[in-house]
Number of protein chains: 2
Amino acid sequence: MANFELTKALQMTRETKIVQLVLDGLGGLPRELDGKTELEAARTPNLDALAGRAQLGLAVPVAPGVTPGSGPAHLSLFGYDPLQYDIGRGVLEALGIGFDLQPEDVAARGNFCSVDQEGLITDRRAGRIPTEVCRKLVALLRDIKLPGIETFVEAVKEYRFVLVLRPTEGQTLHAHILDTDPQRLGVPPLPARAQDKASEATAALVNDWIAAARDILKDHQPANSLNLRGIAKDPGLPKFGNVYGLRAAAIATYPMYRGVAKLVGMDVLPLAGETLEDEVDTLRIHWDQYDYFFFHVKKTDSAGEDGDFERKAGVIEHVDQAVVPAILDLAPDALVVTGDHSTPAALKSHSWHPVPTLLWSNYCRPDGVAEFGERACGRGSLGVFAATDEMPLALGHSLRLNKYGA
Amino acid sequence: MANFELTKALQMTRETKIVQLVLDGLGGLPRELDGKTELEAARTPNLDALAGRAQLGLAVPVAPGVTPGSGPAHLSLFGYDPLQYDIGRGVLEALGIGFDLQPEDVAARGNFCSVDQEGLITDRRAGRIPTEVCRKLVALLRDIKLPGIETFVEAVKEYRFVLVLRPTEGQTLHAHILDTDPQRLGVPPLPARAQDKASEATAALVNDWIAAARDILKDHQPANSLNLRGIAKDPGLPKFGNVYGLRAAAIATYPMYRGVAKLVGMDVLPLAGETLEDEVDTLRIHWDQYDYFFFHVKKTDSAGEDGDFERKAGVIEHVDQAVVPAILDLAPDALVVTGDHSTPAALKSHSWHPVPTLLWSNYCRPDGVAEFGERACGRGSLGVFAATDEMPLALGHSLRLNKYGA
């Protein structure tokens, strides 16, 4: 686990630059054909050559055997123990759609659902209504007014939406409030229940909003009711720049990852488009302004989630061609190539497997294995290590940490 | 370290099955002849083939350099940090003979000893009297009555017995009481001394019992006195089934291991006999009733303790033939082959060396090394890992843990 007191105490100002290249869901599982994983099957001459000059290992995002969500997995890469620092589901959902969440906002994930005449839940996802329908219903819900509170309702996808409450009159909202979703059928939704005294007023506001919303929805079968989950505020995480002494920037196309980067205090850089080439352009443009770049590649994960081994390998090959040489041309002092978690095509989902990781710097001890893959990393000199160690290692390898003790 | 809050929060109900095959004292040291350990020297075609499809590593039972006793070593395999969860020696000894210990009982290990006319200890083990003699003396000690307390005295082996005090009138016994054994000759046994205020009344009862017992024994040379050690109560461990969401069963021939399994809440299964084949029969009979099986093999450890390299290798070969294929025929979803600690024949005792461990599941990333041995495990992709991680890993690999966070 990264120790922020230590990195704060030891940090030095240097001109060195760090890049953490994150291929989302990078880790995979062997295919039957030849026993190779997506990463092993991909033709990656640039990553393989870099591996030959680097150290390899397997990063554990949360804990052995535990499959991480994207939020905890990225916190871990940034050095924040995800078991200690928790981003509420509502906040993640708001970040995921690029909502400009403020520190005093309370965010909740909303699910449209179906209820019968007695108000008992018959479908927790309202028959997975199309996103178009979701948008129309959300537009209706925007008419609900709460005293002293600005409300935002935003469609996400199918039956999912986001509700944000923002105080306008100097009051403080509190979000220790339980989900209304009873997680089963044949029972009514629960009221929003405060978990502490301070949250009671906010819970009352939330229940007022819910009552008004259900009144609006009552004739909109199958989405004739709703539930709120993961009611939460910005957790107020320690700031990345502060704990590591870095001017830090994020390059990511998806709102979710831009949001988590923003939550830890990185500058989120503008992009001309959503391709890898656009991301590389942004890296070049801002190279002189920052010490650290989080460079996120989304499509490895999407392909893994779709169970598409070939497409995932293809994205890795594209990164090898379009990103890796471009980063090396900029001459960073330390480069970490990793993933936030594994998304094996064989599982079509995130998984618990540790993540193949490569660390290069002018001061690394090369393992001398010119191959970047799960098996090579399984024999690598970084061993099986906590993903939260990547940042302290990168700081060390870029000469940014003072000696501890005399 | 396993995090029970995490495994409780993430556990899922599944039909999958886990087997943890524990060869007691599995780890060894190289012999001079060819530099091979017991496991490496054994002909194990089934384990080697399985290793080729599995991941290997070295499990650390307690802490680097620390030699574990059987109790802590097994707690660790079950995912209980043995530095946090402590089972007193008296409790272990009572469990070791299959005594049905109750939560309010206080148990102590007893050693008959020899004292001279001045009451100074001349032999801490009473000349290792035969077990038959031990049984006769124990029968005499059962006549001792304590007010409000039911007492049980049970023979163990040679000079060893167990004393259990059970409150009958609603009072509570406390067991922060030091050993009476001074651990050297030429001095008298110590009184039982309470370590806190709450334990003083129990210590007084224990001393009353000891005085009566010594009076009974005084003419029974060489067992003319006794000492009590490891005075303790059931530590009230979290329950295995609860923390992991598993119906768990133990298959073990020795009372000690059956006892530890019972203490963590496993069902201890009946056996028709004490052979490996009997254990396999029990596994087959109960296969459908449980999600997890702890399958314990004792004789690897006994052979190691005897310094018998060949016999230990022979037991491993027997497991390879009689147990491994039988388990694989039952088609578990995750199989861990490991040991609780090392017992190198070269040392004739438990040792601190990490334990060769193999993890197989349909979702593992095979290391591709078709050899199960200390050296192969030292290069394996599980790395050097805490034995407490075995259960979370097995849960992940049997798809029994939900995703952590969104």
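Leaving aside its neighbours within four places in sequence, which residues is Phe78(B) in contact with? Keep in mind as you look that this is a predicted model. Pick out Phe78(B) and you'll find it in contact with Gln20(B), Phe240(B), Tyr244(B), Val260(B), Ala261(B), Val264(B), Met266(B), Tyr292(B), Phe294(B) and Met391(B), with those sequence neighbours left out.

Now step back to the setting of that residue. Phe78(B) belongs to the largest nonpolar core, a group of 97 residues. Along with Leu21(B), Tyr80(B), Phe240(B), Met266(B), Tyr292(B) and Phe372(B), Phe78(B) touches the most other members of that core. There's also a second, separate core, this one with 90 residues, and among them are Val162(A), Val264(A), Met266(A) and Ala394(A). As a rule, nonpolar side chains in soluble globular proteins tend to be buried together.

Next, turn to the place where the two chains meet. Here 33 residues of chain A are in contact with 25 residues of chain B. Between them the chains bury about 2,000 Å², and carbon and sulfur atoms give 64% of that area. On the chain A side, look for Pro64(A), Leu83(A) and Trp352(A): they lose the most area to chain B, together 24% of what that side buries.

What about polar links? Three helices of chain A, H4 (70-77), H5 (89-96) and H14 (374-378), each supply at least two residues of the side that touches chain B. Sort the residues of that side by kind and you get 18 nonpolar, 11 polar and four charged.

Technical notes: Residues are numbered from 1 along each chain as its sequence is written. Chains are lettered from A and ligands numbered from 1 in the order in which they are written. This is a predicted model: local features need pLDDT of at least 70, side-chain atom pairs count only at pLDDT 80 or more; totals for chains, interfaces and linings use all residues. Side-chain values use heavy atoms; hydrogens and water are left out. A nonpolar core is a set of buried Ala, Val, Leu, Ile, Met, Phe, Trp, Tyr and Cys residues joined through side-chain atoms within 4.5 Å. Buried means under 20% relative accessible area, exposed over 50%, partly exposed in between (1.4 Å probe, protein chains only). Contact means heavy atoms within 4.5 Å. Buried area is the accessible area (1.4 Å probe) that two parts lose on being put together, summed over both. Helices (H or I, at least four residues) and strands (E, at least two) are DSSP runs, numbered from the N terminus. Ala, Val, Leu, Ile, Met, Phe, Trp, Tyr, Cys and Pro count as nonpolar, Asp, Glu, Lys and Arg as charged, and the others, Gly among them, as polar.
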